[in-house]
Amino acid sequence: TILRFDSIYDELCRSSECVVRAANELISSSRLRVVMDTVLAIGNAMNRGTSMEARAITLDSLLKLSTTKSTDGKTTVLEYLVKILLQKHSKAKAKDPDDDGGDEDPAVMAIDFPKELPNLSPAARMLPSDIISRTSKLANRLHRAQKEAEASRKESTILVKEQIGRA
């Protein structure tokens, strides 16, 4: 029971550490921030002339990037976003083709934002329901181990008292 408990605990620790690292990467990614700022600017440009001005991006609006068409009816907003980011990146590379991008402006390197998020993909594969289930199993095993330890302690106490009584 103890060995199984340790393995479940270690696995949960690794999983939660990966999720925390991914969250920190998302928060601190300067390149992703540029991408999101660009998405917001595109959205506001599309809404120009209406009473709608966005100050934030919803998950729903991100999902719509691949289906919402531009005014030409052919290009999606996602394709337009990639085009803008690639143009910035290409212009920078044209200026200095030997530059590896190490010290590049985040606005120029935004197209490479996934490089700043190495833990995102592994964390995304972790299902919250699975983590909750494993946590519940861990709690149940801990509860059982506590009961076993208490029963063992009581049994030991009885055996010691019996031994003392015989002496």
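A: Start with residue classes. Ala, Val, Leu, Ile, Met, Phe, Trp, Tyr, Cys and Pro count as nonpolar, Asp, Glu, Lys and Arg as charged, and the others, Gly among them, as polar. This is a predicted model: local features need pLDDT of at least 70, side-chain atom pairs count only at pLDDT 80 or more, and totals for chains, interfaces and linings use all residues. Residues are numbered from 1 along each chain as its sequence is written, and side-chain values use heavy atoms, without hydrogens and water.

Q: How does the lining of the largest pocket divide by class?

A: Rolling a probe the size of a water molecule over the atoms shows where empty space is left. A pocket is an open set of points on a 1 Å grid where a 1.4 Å probe fits, with protein on both sides within 12 Å along at least five of seven lines; lining residues have an atom within 4 Å of a point. Here the lining has nine nonpolar, five polar and two charged residues. H2 (30–46) gives the largest share, five residues.

Q: How much space lies in the second largest pocket?

A: A volume is the space filled by probe spheres set on the points, joined across faces, edges and corners. That gives about 160 Å³. Its lining has ten nonpolar residues, one polar and no charged; Phe113 is one of them.

Q: Which residues does Val77 touch?

A: Contact means heavy atoms within 4.5 Å. Leaving out residues up to four places away in sequence, Val77 touches Ile42, Met46, Leu65 and Thr68.

Definitions and conventions. Helices (H or I, at least four residues) and strands (E, at least two) are DSSP runs, numbered from the N terminus.
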